Amino acid sequence: MEGIVNFLQQTGFYMLFSDFLGGGWKSLVMILIACLLLYLAIVKKFEPLLLLPIAIGMLLTNLPGADVFHEAIFAGGHVNWETFANSAGLIDVLYLGVKLGIYPCLIFIGVGAMTDFGPLIANPKSLLLGASAQVGIFATVAGVMGVSALGTAFGWDQLVFTLRQAGSIGIIGGADGPTAIFTTSLLAPELLGPIAVAAYSYMALVPVIQPPIMRALTTKKERAIRMDSLKPVSKTQKIVFPIVVTIFVALIVPSATALVGCLMFGNLLRECGVCERLSKTVQNELMNIVTVLLGVSVGATATAATFLNAKTIIIIVMGVVAFGVASASGVLIAKLMNVFLPEGKKINPLIGSAGVSAVPMAARVSQKVGQEENPGNFLLMHAMGPNVAGVIGSAIAAGVLIALLG
């Protein structure tokens, strides 16, 4: 009988309900949130390739008694190797790839191999649109610090953020999940779970968030602007581009070298024509394996203690602000550029919103909204220029934040 009682006391059900009011209810809430994310990933198809692994990681880490992830091992932003050696769980081991910045860089190799920089090379003005969208990142950092100042003034500790945490929240505006994870793991690992969930949720909601902003900031005439076909890009230009960008960015922002270098390495594998096997491997097998490991590891950081608080709500609110400001900045800069461009060479401002790094969803949204005004308008390839420029821009912005705040 004693053995049976002992067994029952070791079950998750006992752990969950024996101290339900003391904290068990928080674990139950997190399990429900994980199930909601699974629903959004499977049924609604919101970024399923990463949202589903994140949800599984969140589910596993919040199941009482599972002991697959231990926050204490990574407390203070450092790996406690002694504790790790004695009590590491499965996800503790997998999480090292996040903590050491391995998974995001490997994903960037795959992203580079799947990206065609041709539209950007054909229309260098796209770089300005991709860069302008990063305004949302730095505007959000200022906004978070404003909220933090209010929290300090009124004694609301839950609204107080450090500058490193503000930088991690601001990077959500880049709409690039791996970049957000890479930056947050270095600046504010305690916020990794909420920031990752927010970043990928807003990436999935691009078709919902962007169109109202685009319509509000443009006229019907502007949305109907037709753009000339892009000039052809030679194979040599496509090969030289990733090499030049890597050198240039590394010399200006050395802290961005890891992300940009991996992105351009993957692209060079794609364009050089002599590494087809490697290109296919990083696009498929490597990308799929790392995506699973990254998603599960990041999801596991969303424990009840770190997720169920006022700071998570602020992160979610400021995340959508960052994304909205980034989208609006691209549109407004495109409108400003049109002031100086002659008739027949003007840019459709809708492609400016594609400057966020949600490839290729943001470009598709520009195409869709443009065709609503002019069915004969084909903006997709034009929008891909700012879109891929946004990938580079968000990586550089992350490097700047790491250099300033790290």
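User: E222, buried or exposed?
Analyst: E222 counts as buried, at 18% relative accessibility. Buried means under 20% relative accessible area, exposed means over 50%, and partly exposed is in between, with a 1.4 Å probe and protein chains only. This is a predicted model: local features need pLDDT of at least 70, side-chain atom pairs count only at pLDDT 80 or more, and totals for chains, interfaces and linings use all residues. Residues are numbered from 1 along each chain as its sequence is written, and side-chain values use heavy atoms, leaving out hydrogens and water.

User: Which side chain does E222 meet in a salt bridge?
Analyst: K335, at 2.9 Å from N to O. This pair links distant parts of the chain: E222 belongs to helix α15 and K335 to helix α20, 113 residues apart. A salt bridge here is a side-chain nitrogen of Lys or Arg within 4 Å of a carboxyl oxygen of Asp or Glu. Helices are DSSP runs (H or I, at least four residues), as are strands (E, at least two), all numbered from the N terminus.

User: And how accessible is K335?
Analyst: K335 is partly exposed, with a relative accessible area of 24%.

User: What does R223 pair with?
Analyst: R223 forms a salt bridge with E373, with the closest N and O atoms 3.1 Å apart. Here too, distant parts of the chain are linked: E373 is in helix α21, R223 is in helix α15, and they are 150 residues apart. R223 counts as buried because its relative accessibility is 10%. E373, at 22%, counts as partly exposed.

User: How many salt bridges in the whole structure?
Analyst: A search finds 9. One network of salt bridges links R215, K368 and E372.

User: What about D116, which lysine is its partner?
Analyst: K238. Their closest N and O atoms are 3.3 Å apart. D116 is partly exposed, at 25% relative accessible area.

User: New topic. Where is F182?
Analyst: F182 is in helix α12, residues 177-187. F182 is buried, at a relative accessible area of 7%.

User: What does F182 touch?
Analyst: Leaving out residues up to four places away in sequence, F182 touches G101, P104, C105, A258, L259 and I402. Contact means heavy atoms within 4.5 Å. Take P104: it is 78 residues from F182 along the chain, and their C-alpha atoms are 5.9 Å apart.

User: How far apart are the C-alpha atoms of K220 and A142?
Analyst: They are separated by 33 Å, and these two residues are 78 apart along the chain. K220 is in helix α15, residues 220-223. K220 is exposed, at 54%.

User: How do α10 and α20 pack?
Analyst: At an angle of about 145°, with axes 8 Å apart. Axes are lines fitted to C-alpha atoms, for helices over the stretch in contact, and angles run from 0 to 180 degrees between N-to-C directions. Residues meeting there include A139 and G143 in α10, and A322 and V325 in α20.

User: What's the peptide bond like from V359 to P360?
Analyst: That bond is cis, with omega near -5°. P360 is in the loop between α20 and α21 (361-373).

User: What is phi at K45?
Analyst: Near 60°, a positive value in a residue other than glycine. K45 is in the loop between α3 (20-42) and α4 (48-62). K45 counts as exposed, at 61% relative accessibility.

User: And phi at D67?
Analyst: About 55°, also positive, although D67 is not a glycine. D67 is in the loop between α4 and α5 (81-87). D67 is exposed, at 54%.

User: Last one: F248, buried or exposed?
Analyst: F248 counts as exposed, at 54% relative accessibility. F248 is in helix α16, residues 235-252.
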